[in-house]
Amino acid sequence: MPVATILWEGGRPGHVRLIDQTRLPLECVVLDVRTVEEMFACIRRLAVRGAPAIGVAAAFGLLLGVQHLDERDREDTLGRVREMAAYLAKSRPTAVNLFWALERMAARATRDYGTGAGIIDGLFAEARAIFEEDKAICRRIGAVGAELLKDGCTVLTHCNAGGLATVDYGTALAPVYVAKDQGKTIRVFADETRPLLQGARLTAWELHRSGIDVTLIADNMAARVMFEGRIDAVLVGADRIARNGDVANKIGTYGVAVLAREHGIPFYVCAPLSTFDARMATGAEIPIEERGAEEIACGFGQRTAPEGVRIYNPAFDITPARLVTGIVTEVGLIEGPNPQSVEAALRRGGVL
Ligand code: MRU
(Lines give C-alpha, C1' and ligand atoms only; values in the text may rest on other atoms or scores of the structure.)
Protein backbone atom coordinates (compact mmCIF):
# COMPACT_ATOMS: atom_id res chain seq x y z
CA MET A 1 0.00 0.00 0.00
CA PRO A 2 1.54 3.33 -0.94
CA VAL A 3 -0.16 5.75 1.56
CA ALA A 4 -3.48 6.36 3.34
CA THR A 5 -4.17 9.76 1.86
CA ILE A 6 -7.64 10.36 3.30
CA LEU A 7 -10.15 8.39 5.34
CA TRP A 8 -13.29 8.77 7.42
CA GLU A 9 -12.57 8.07 11.09
CA GLY A 10 -15.27 6.71 13.40
CA GLY A 11 -18.88 6.21 12.47
CA ARG A 12 -21.57 8.79 12.61
CA PRO A 13 -20.71 11.34 13.80
CA GLY A 14 -17.10 11.02 12.73
CA HIS A 15 -14.37 13.12 11.19
CA VAL A 16 -11.80 13.01 8.41
CA ARG A 17 -8.13 12.15 8.71
CA LEU A 18 -5.88 13.22 5.88
CA ILE A 19 -2.18 13.64 5.20
CA ASP A 20 -1.25 17.32 5.09
CA GLN A 21 0.52 17.22 1.73
CA THR A 22 1.94 20.71 2.18
CA ARG A 23 4.26 19.31 4.88
CA LEU A 24 5.73 16.49 2.78
CA PRO A 25 8.44 15.37 2.38
CA LEU A 26 9.85 16.90 5.56
CA GLU A 27 7.18 15.38 7.81
CA CYS A 28 4.14 13.18 7.36
CA VAL A 29 1.53 15.02 9.44
CA VAL A 30 -1.99 13.60 9.65
CA LEU A 31 -4.70 16.21 10.19
CA ASP A 32 -8.03 15.66 11.93
CA VAL A 33 -10.59 17.64 9.94
CA ARG A 34 -13.84 18.19 11.84
CA THR A 35 -15.77 20.94 10.07
CA VAL A 36 -16.78 21.75 6.51
CA GLU A 37 -14.88 25.04 6.77
CA GLU A 38 -11.70 23.18 7.70
CA MET A 39 -12.18 20.88 4.73
CA PHE A 40 -12.70 23.86 2.41
CA ALA A 41 -9.40 25.30 3.65
CA CYS A 42 -7.60 21.94 3.24
CA ILE A 43 -8.71 21.71 -0.40
CA ARG A 44 -7.89 25.33 -1.17
CA ARG A 45 -4.42 25.28 0.35
CA LEU A 46 -3.63 21.88 -1.22
CA ALA A 47 -3.33 19.95 2.05
CA VAL A 48 -5.41 17.47 0.05
CA ARG A 49 -4.99 17.69 -3.71
CA GLY A 50 -5.13 15.67 -6.91
CA ALA A 51 -8.45 15.33 -8.72
CA PRO A 52 -9.81 12.04 -7.30
CA ALA A 53 -8.67 12.84 -3.74
CA ILE A 54 -10.35 16.25 -4.00
CA GLY A 55 -13.58 14.46 -4.99
CA VAL A 56 -13.42 12.20 -1.93
CA ALA A 57 -12.51 15.18 0.29
CA ALA A 58 -15.52 17.10 -1.02
CA ALA A 59 -17.90 14.19 -0.31
CA PHE A 60 -16.48 13.80 3.21
CA GLY A 61 -16.54 17.59 3.67
CA LEU A 62 -20.24 17.63 2.88
CA LEU A 63 -20.79 14.93 5.52
CA LEU A 64 -18.94 17.08 8.06
CA GLY A 65 -21.36 19.90 7.30
CA VAL A 66 -24.56 17.87 7.66
CA GLN A 67 -23.90 14.94 9.95
CA HIS A 68 -25.29 16.71 13.03
CA LEU A 69 -28.55 17.77 11.40
CA ASP A 70 -30.50 14.60 12.18
CA GLU A 71 -33.36 16.46 13.83
CA ARG A 72 -34.17 18.68 10.89
CA ASP A 73 -37.02 17.95 8.54
CA ARG A 74 -36.52 16.87 4.96
CA GLU A 75 -36.70 20.27 3.25
CA ASP A 76 -34.45 21.87 5.81
CA THR A 77 -31.87 19.09 5.41
CA LEU A 78 -31.97 19.27 1.61
CA GLY A 79 -31.48 23.04 1.79
CA ARG A 80 -28.45 22.58 4.01
CA VAL A 81 -26.98 19.91 1.69
CA ARG A 82 -27.30 22.26 -1.30
CA GLU A 83 -25.78 25.11 0.69
CA MET A 84 -22.79 23.00 1.76
CA ALA A 85 -22.29 21.68 -1.78
CA ALA A 86 -22.34 25.21 -3.23
CA TYR A 87 -19.85 26.33 -0.59
CA LEU A 88 -17.38 23.47 -1.19
CA ALA A 89 -17.67 23.92 -4.96
CA LYS A 90 -15.88 27.25 -4.57
CA SER A 91 -12.75 25.70 -3.07
CA ARG A 92 -10.95 25.04 -6.40
CA PRO A 93 -12.09 25.46 -10.03
CA THR A 94 -10.30 23.02 -12.34
CA ALA A 95 -10.49 19.42 -11.09
CA VAL A 96 -13.95 18.29 -12.13
CA ASN A 97 -14.01 15.48 -9.57
CA LEU A 98 -14.84 18.13 -6.96
CA PHE A 99 -18.09 19.05 -8.73
CA TRP A 100 -18.76 15.46 -9.78
CA ALA A 101 -18.64 14.27 -6.15
CA LEU A 102 -20.75 17.16 -4.85
CA GLU A 103 -23.37 16.67 -7.56
CA ARG A 104 -23.45 12.96 -6.82
CA MET A 105 -23.98 13.66 -3.10
CA ALA A 106 -26.70 16.25 -3.76
CA ALA A 107 -28.45 13.88 -6.18
CA ARG A 108 -28.39 11.12 -3.56
CA ALA A 109 -29.94 13.48 -1.00
CA THR A 110 -32.86 14.35 -3.26
CA ARG A 111 -33.33 10.72 -4.31
CA ASP A 112 -33.69 9.39 -0.77
CA TYR A 113 -37.16 9.56 0.72
CA GLY A 114 -37.91 10.26 4.33
CA THR A 115 -36.68 12.50 7.09
CA GLY A 116 -33.46 14.44 7.57
CA ALA A 117 -31.94 11.46 9.39
CA GLY A 118 -32.74 9.20 6.43
CA ILE A 119 -31.13 11.61 3.99
CA ILE A 120 -27.97 11.77 6.07
CA ASP A 121 -27.84 7.95 6.21
CA GLY A 122 -27.93 8.00 2.42
CA LEU A 123 -25.16 10.58 2.23
CA PHE A 124 -22.93 8.44 4.43
CA ALA A 125 -23.50 5.49 2.10
CA GLU A 126 -22.78 7.62 -0.97
CA ALA A 127 -19.54 9.06 0.43
CA ARG A 128 -18.41 5.58 1.42
CA ALA A 129 -19.20 4.37 -2.12
CA ILE A 130 -17.19 7.22 -3.70
CA PHE A 131 -14.27 6.32 -1.45
CA GLU A 132 -14.41 2.56 -2.13
CA GLU A 133 -14.99 3.01 -5.87
CA ASP A 134 -11.93 5.22 -6.13
CA LYS A 135 -9.77 2.39 -4.78
CA ALA A 136 -11.21 -0.16 -7.18
CA ILE A 137 -11.04 2.21 -10.17
CA CYS A 138 -7.39 3.06 -9.55
CA ARG A 139 -6.57 -0.66 -9.42
CA ARG A 140 -8.32 -1.17 -12.77
CA ILE A 141 -6.51 1.80 -14.31
CA GLY A 142 -3.33 0.23 -12.99
CA ALA A 143 -4.13 -3.12 -14.60
CA VAL A 144 -4.97 -1.55 -17.99
CA GLY A 145 -1.91 0.72 -17.87
CA ALA A 146 0.50 -2.00 -16.73
CA GLU A 147 -0.06 -3.78 -20.04
CA LEU A 148 1.58 -0.81 -21.73
CA LEU A 149 4.72 -1.14 -19.63
CA LYS A 150 7.39 -3.66 -20.60
CA ASP A 151 9.67 -5.14 -17.97
CA GLY A 152 12.70 -2.85 -17.59
CA CYS A 153 11.09 0.24 -19.10
CA THR A 154 11.37 3.81 -17.84
CA VAL A 155 8.45 6.17 -17.43
CA LEU A 156 8.44 9.94 -17.06
CA THR A 157 5.69 11.55 -14.99
CA HIS A 158 4.70 15.10 -14.14
CA CYS A 159 3.15 16.45 -10.92
CA ASN A 160 1.72 13.80 -8.58
CA ALA A 161 -0.96 11.44 -9.78
CA GLY A 162 -0.11 8.70 -7.32
CA GLY A 163 -1.55 7.38 -4.09
CA LEU A 164 -1.45 10.86 -2.61
CA ALA A 165 -3.77 12.15 -5.33
CA THR A 166 -6.34 9.40 -4.78
CA VAL A 167 -7.50 7.07 -2.03
CA ASP A 168 -5.07 4.31 -2.93
CA TYR A 169 -2.88 3.44 -5.96
CA GLY A 170 -3.21 6.68 -7.91
CA THR A 171 -3.93 7.08 -11.60
CA ALA A 172 -0.69 7.74 -13.51
CA LEU A 173 1.36 5.83 -10.93
CA ALA A 174 -1.12 2.93 -10.66
CA PRO A 175 0.33 1.18 -13.75
CA VAL A 176 3.78 1.46 -12.17
CA TYR A 177 2.58 -0.05 -8.87
CA VAL A 178 0.64 -2.82 -10.62
CA ALA A 179 3.57 -3.59 -12.95
CA LYS A 180 5.77 -3.88 -9.86
CA ASP A 181 3.23 -6.22 -8.24
CA GLN A 182 3.47 -8.30 -11.45
CA GLY A 183 7.22 -8.63 -10.93
CA LYS A 184 8.30 -6.11 -13.57
CA THR A 185 11.07 -3.61 -12.97
CA ILE A 186 9.91 -0.11 -13.86
CA ARG A 187 11.99 3.05 -13.43
CA VAL A 188 10.46 6.49 -13.10
CA PHE A 189 11.77 9.95 -13.90
CA ALA A 190 9.74 12.50 -11.92
CA ASP A 191 9.57 16.13 -13.04
CA GLU A 192 9.87 18.32 -9.96
CA THR A 193 6.83 20.34 -11.13
CA ARG A 194 7.27 23.99 -10.33
CA PRO A 195 5.92 26.06 -8.75
CA LEU A 196 4.65 23.86 -5.91
CA LEU A 197 6.97 20.91 -6.51
CA GLN A 198 4.39 18.13 -6.32
CA GLY A 199 6.81 15.93 -8.30
CA ALA A 200 9.72 16.49 -5.95
CA ARG A 201 7.81 16.62 -2.69
CA LEU A 202 5.10 14.02 -3.34
CA THR A 203 5.88 11.73 -6.30
CA ALA A 204 9.51 11.22 -5.33
CA TRP A 205 8.40 10.67 -1.71
CA GLU A 206 5.76 8.07 -2.40
CA LEU A 207 7.71 6.16 -5.07
CA HIS A 208 10.86 6.11 -3.00
CA ARG A 209 9.08 4.74 0.08
CA SER A 210 7.34 2.15 -2.13
CA GLY A 211 10.67 0.83 -3.34
CA ILE A 212 10.32 2.09 -6.93
CA ASP A 213 13.47 3.29 -8.67
CA VAL A 214 12.78 7.02 -9.03
CA THR A 215 15.03 9.76 -10.39
CA LEU A 216 14.05 13.38 -9.81
CA ILE A 217 14.73 16.01 -12.46
CA ALA A 218 14.01 19.71 -12.72
CA ASP A 219 11.24 20.45 -15.23
CA ASN A 220 13.61 21.89 -17.81
CA MET A 221 15.50 18.57 -17.99
CA ALA A 222 12.65 16.54 -19.49
CA ALA A 223 13.78 17.33 -23.05
CA ARG A 224 17.32 16.26 -22.26
CA VAL A 225 16.39 12.87 -20.76
CA MET A 226 14.08 12.20 -23.72
CA PHE A 227 16.83 13.17 -26.16
CA GLU A 228 19.20 10.81 -24.34
CA GLY A 229 16.77 7.96 -25.05
CA ARG A 230 16.07 7.29 -21.39
CA ILE A 231 12.26 7.50 -21.53
CA ASP A 232 9.98 4.79 -22.99
CA ALA A 233 6.63 6.32 -22.08
CA VAL A 234 5.08 9.33 -20.36
CA LEU A 235 2.28 8.75 -17.84
CA VAL A 236 0.36 11.69 -16.38
CA GLY A 237 -2.95 12.20 -14.59
CA ALA A 238 -5.74 14.64 -15.42
CA ASP A 239 -7.89 17.19 -13.67
CA ARG A 240 -10.56 17.42 -16.35
CA ILE A 241 -10.96 15.88 -19.80
CA ALA A 242 -13.23 17.42 -22.42
CA ARG A 243 -15.49 15.44 -24.77
CA ASN A 244 -12.94 15.64 -27.58
CA GLY A 245 -10.13 14.22 -25.40
CA ASP A 246 -8.35 17.52 -24.59
CA VAL A 247 -6.77 17.15 -21.15
CA ALA A 248 -6.36 19.69 -18.35
CA ASN A 249 -3.56 18.71 -16.01
CA LYS A 250 -0.87 20.36 -13.91
CA ILE A 251 0.92 23.26 -15.57
CA GLY A 252 3.79 21.92 -17.64
CA THR A 253 1.97 18.82 -18.86
CA TYR A 254 1.37 20.37 -22.29
CA GLY A 255 5.09 21.02 -22.70
CA VAL A 256 5.89 17.42 -21.77
CA ALA A 257 3.37 16.20 -24.37
CA VAL A 258 4.99 18.35 -27.07
CA LEU A 259 8.41 16.98 -26.14
CA ALA A 260 7.14 13.41 -26.16
CA ARG A 261 5.70 13.87 -29.67
CA GLU A 262 8.99 15.34 -30.91
CA HIS A 263 10.89 12.36 -29.54
CA GLY A 264 8.40 9.69 -30.67
CA ILE A 265 7.57 8.70 -27.08
CA PRO A 266 4.01 7.57 -26.28
CA PHE A 267 2.14 10.01 -24.04
CA TYR A 268 -0.57 8.41 -21.89
CA VAL A 269 -3.08 10.12 -19.63
CA CYS A 270 -4.46 7.95 -16.82
CA ALA A 271 -7.80 9.03 -15.37
CA PRO A 272 -11.11 7.69 -14.08
CA LEU A 273 -14.31 8.41 -16.01
CA SER A 274 -15.25 10.81 -13.18
CA THR A 275 -12.53 13.14 -14.54
CA PHE A 276 -14.31 13.47 -17.91
CA ASP A 277 -16.61 16.45 -18.26
CA ALA A 278 -19.16 15.66 -20.94
CA ARG A 279 -20.45 19.23 -20.68
CA MET A 280 -17.25 20.60 -22.19
CA ALA A 281 -16.80 20.11 -25.91
CA THR A 282 -13.11 21.07 -25.94
CA GLY A 283 -10.37 21.98 -23.51
CA ALA A 284 -10.82 25.66 -24.29
CA GLU A 285 -13.91 25.64 -22.03
CA ILE A 286 -12.10 24.24 -18.99
CA PRO A 287 -11.57 26.84 -16.26
CA ILE A 288 -7.91 27.19 -15.34
CA GLU A 289 -7.09 28.03 -11.74
CA GLU A 290 -4.75 30.96 -11.21
CA ARG A 291 -2.88 30.89 -7.95
CA GLY A 292 -1.01 33.46 -5.89
CA ALA A 293 2.18 35.22 -6.97
CA GLU A 294 4.03 34.13 -3.84
CA GLU A 295 4.05 30.50 -5.09
CA ILE A 296 6.46 31.65 -7.79
CA ALA A 297 8.22 34.51 -6.01
CA CYS A 298 8.76 32.72 -2.69
CA GLY A 299 8.49 29.07 -3.69
CA PHE A 300 11.51 27.84 -1.80
CA GLY A 301 10.79 29.48 1.55
CA GLN A 302 12.61 32.60 0.54
CA ARG A 303 12.10 35.31 -2.06
CA THR A 304 13.54 34.32 -5.43
CA ALA A 305 12.16 37.22 -7.51
CA PRO A 306 12.37 40.98 -7.10
CA GLU A 307 9.64 42.67 -5.04
CA GLY A 308 6.98 44.22 -7.24
CA VAL A 309 7.68 42.23 -10.42
CA ARG A 310 4.52 41.07 -12.27
CA ILE A 311 3.84 37.35 -11.94
CA TYR A 312 1.47 35.03 -13.81
CA ASN A 313 0.70 31.68 -12.19
CA PRO A 314 -1.76 29.42 -14.06
CA ALA A 315 -1.94 26.13 -12.14
CA PHE A 316 -3.00 23.95 -15.11
CA ASP A 317 -2.68 23.78 -18.87
CA ILE A 318 -4.52 22.01 -21.67
CA THR A 319 -2.90 19.26 -23.70
CA PRO A 320 -4.70 18.91 -27.03
CA ALA A 321 -6.08 15.45 -27.76
CA ARG A 322 -3.87 15.11 -30.87
CA LEU A 323 -0.79 14.88 -28.60
CA VAL A 324 -2.33 12.13 -26.45
CA THR A 325 -1.45 8.58 -27.48
CA GLY A 326 -4.14 7.14 -25.24
CA ILE A 327 -6.24 7.69 -22.14
CA VAL A 328 -6.08 4.83 -19.64
CA THR A 329 -9.44 4.48 -17.87
CA GLU A 330 -11.17 1.87 -15.75
CA VAL A 331 -13.11 0.74 -18.83
CA GLY A 332 -10.00 0.32 -20.97
CA LEU A 333 -7.61 2.31 -23.14
CA ILE A 334 -9.03 5.09 -25.32
CA GLU A 335 -6.50 5.05 -28.14
CA GLY A 336 -5.99 8.35 -29.98
CA PRO A 337 -8.86 10.05 -28.16
CA ASN A 338 -11.47 11.90 -30.21
CA PRO A 339 -15.15 12.78 -29.67
CA GLN A 340 -16.33 9.36 -30.87
CA SER A 341 -13.92 7.23 -28.86
CA VAL A 342 -14.45 9.31 -25.71
CA GLU A 343 -18.22 9.03 -26.07
CA ALA A 344 -17.96 5.26 -26.58
CA ALA A 345 -15.91 4.91 -23.36
CA LEU A 346 -18.34 7.06 -21.39
CA ARG A 347 -21.22 4.91 -22.67
CA ARG A 348 -19.34 1.74 -21.77
CA GLY A 349 -18.87 3.09 -18.26
CA GLY A 350 -22.54 4.02 -17.95
CA VAL A 351 -21.75 7.74 -17.64
CA LEU A 352 -23.82 8.70 -20.71
O1 MRU B 1 -2.79 21.32 -8.01
P2 MRU B 1 -2.86 19.85 -7.78
O3 MRU B 1 -1.69 19.31 -7.02
O4 MRU B 1 -4.19 19.42 -7.20
O5 MRU B 1 -2.77 19.23 -9.25
C6 MRU B 1 -2.85 17.84 -9.40
C7 MRU B 1 -2.66 17.39 -10.77
O8 MRU B 1 -2.57 18.16 -11.71
C9 MRU B 1 -2.69 15.90 -10.99
O10 MRU B 1 -1.83 15.53 -12.01
C11 MRU B 1 -4.12 15.49 -11.36
O12 MRU B 1 -5.04 15.96 -10.41
C13 MRU B 1 -4.28 14.05 -11.48
S14 MRU B 1 -4.32 13.31 -9.90
C15 MRU B 1 -4.64 11.68 -10.01
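The model is predicted: local features need pLDDT of at least 70, side-chain atom pairs count only at pLDDT 80 or more, and totals for chains, interfaces and linings use all residues. Residues are numbered from 1 along each chain as its sequence is written, and side-chain values use heavy atoms, with hydrogens and water left out.

**The ligand shell**

**Polar contacts**

Next, display pairs of N or O atoms within 3.5 Å. A side-chain N or O atom of Asn-249 lies 2.7 Å from an oxygen atom of the ligand. Gln-198 places a polar side-chain atom 2.9 Å from a ligand oxygen, and a polar backbone atom of Ala-51 is 2.9 Å from an oxygen of the ligand. The protein covers 100% of the 420 Å² of accessible area that the ligand has on its own (Shrake-Rupley method, 1.4 Å probe).

**Two cis peptide bonds**

Move to Arg-12 and Pro-13, which are joined by a cis peptide bond with omega near 0 degrees. Pro-13 is in the loop between β1 (6-9) and β2 (15-19); strands are DSSP runs of E, at least two residues, and helices are runs of H or I, at least four, numbered from the N terminus. Then select Arg-194 and Pro-195, where the peptide bond is cis and omega is about 5 degrees. Pro-195 belongs to the loop between β5 (187-191) and α7 (198-209).

Technical notes. A polar contact is a pair of N or O atoms within 3.5 Å; within protein, one must be able to donate a hydrogen and the other to accept it, and residues adjacent in sequence count only if both atoms are side-chain atoms.
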